[in-house]
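Here is a short walk through one protein model. Keep the sequence and the coordinates side by side as you read.

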Amino acid sequence: MLGKLKSIFSGDKALPKDLSIEDVQKILKTGSEQQKKQLAVRQDARPEVLYYLAEDQSVSVRRLIAQNPSTPIQADEILTNDSDEEVRAELARKISRLVPGMTSKEQKALRDKSIKLLEALAKDQLPRVRAMVAEEIKNDQNVPKSLVDRLARDIEDIVCGPILQYSPLLNEDDLREIIAAGASSKALEAIASREAVSENVSADIAGTLDIPAVTALLTNKNAQVREDTLDQIIAQAETVEDLHKPLTLRPQLSIRAMKRIAGFVASALVHAMMEQSDLSEEQADELLDKVRERLAAERVGDDEQKQLADQAQDYFERGMLNDEFVVEQIAGNRRELLTQCLAVMSDLAAETVRQIIQSKSGRAVTALCWKAGLSMRTAYDVQTKFALVPTAQLLHAKNGVEYPIKEDELEWHLSYFIEKE
């Protein structure tokens, strides 16, 4: 026996599986931290050993005890008040994972005690510990509703967020009450991102005028939004550019809503909105005409035109005008600058470029892009997202990348506009 103990305590080698009670007692009293850690992770360790180690001076040992699923509930109760945040966080993770599986009658007493531990950890002064509980039980239907309610109303976003977004135990009334109580922006965003959002909850979120939350609502395909709620959001979006893209990408927009939206968003976004909508050719043309009228009315003054013309010339001389630049201007809705740049690139008057863009002719717009030295792929973007060419008039690339008509025909389409200069 003496020789065996000397072997065990001669260093921090792995402990043998068949330790005697005397060996374990010796480790608990005089063993190294490494040896105690080896005991702390063993799921076959006697309950009294794990209980003893739950009060060890070493934080590392106590953390391992908190993680060990074999640790007796009495030891876990001690660890709920541990001075180390990490110990309590590990305990919260373990208990949160164990409770949902405790469903049999034989485990009822253990489950009741474990739930009390969870409730204590859900009241921990440190948000990280409470957040650990919330993250682990967010999808579970077998935890107490009172625990979910507490976490859902926590003032810390990292705690309430997972519960608000995922918990199946929260009903419409719960969510509306939380919104009415003045939930944070992150909390509102979590609610708006739920797998299912009712019409009433959507209306309440829209009523907060919180931009990130409304954005999340619009991009949530499963959120039910009434027409009057959408009207309210559209009215708000007219002066809030951050809402333009999510609004245009909202599925199943009515033609009435699309017309309103087309009255203030960028032309590229109008195209994106139309692409995902089942519009007739007549409806699409009507929508594009509305956008063209608005864009024509938004033309900048002479002084700004001259300033942008000078800027375009400078970009040209610096070799900056290329396909990538054009695509960036379309995405940024910098229409007048792009008009001036196309004029410089094609060696045409800006007014001629403007007439071509407004012509509704896919062939004319394509000829302009060819003259400007752009690729056919870019020419297609200019047709669809900048010139808003009707679908029936679009000119598609040949073999995916090539101009589909010959150079003499491209010149002919340009000549109609050049003769008017």
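Are Tyr315 and Phe325 buried or exposed? Both are buried. Bear in mind that this is a predicted model.

Start with the aromatic rings. A search of the whole structure finds two aromatic pairs. Tyr315 and Phe325 form one of them: their ring centres are 5.4 Å apart and their planes meet at 65°. Planes over 60 degrees apart count as edge-to-face, so this pair is edge-to-face.

Now turn to Tyr416 and Phe417. Here the ring centres lie 5.2 Å apart and the planes stand at 90°, so this pair is edge-to-face too. Phe417 has 9% relative accessibility. Buried means under 20%, so Phe417 counts as buried.

The charged end of Lys138 sits over the ring of Tyr166. The distance to the ring centre is 4.6 Å.

What is Gln305 in contact with, leaving aside its neighbours within four places in sequence? The partners are Arg299, Val300, Glu336, Gln340 and Arg354.

Next, the cysteines. A disulfide is a covalent bond between the sulfur atoms of two cysteines. How many disulfides does a search of the whole structure find? The search finds zero. Take Cys369 as a case. The nearest cysteine sulfur belongs to Cys341 and is 13 Å away. A disulfide needs two cysteine sulfur atoms within 2.5 Å, so Cys369 is in no disulfide. Cys369 has 0% relative accessibility and counts as buried. Cys160 is buried as well, with a relative accessible area of 3%.

Finish at helix H14, residues 199–208. Which residues of H14 are buried? They are Val201, Ser202, Ala203, Ile205 and Ala206. These buried residues pack against four helices, namely H12 (172–180), H13 (185–192), H15 (211–219) and H16 (227–237). Leu209 follows H14. The phi of Leu209 is positive, near 60°.

Conventions. Residues numbered from 1 in each chain as written. Predicted model: local features only at pLDDT ≥ 70, side-chain atom pairs only at ≥ 80, totals over all residues. Heavy atoms only, no water. Phe/Tyr/Trp six-rings, centres within 6.5 Å; stacked < 30°, edge-to-face > 60°. Buried < 20%, exposed > 50% of the residue type's maximum accessible area, 1.4 Å probe, protein only. Lys NZ or Arg CZ within 6 Å of the ring centre and 35° of its normal. Contact = heavy atoms within 4.5 Å. Helix = DSSP H or I, 4+ residues; strand = E, 2+ residues; numbered from the N terminus.
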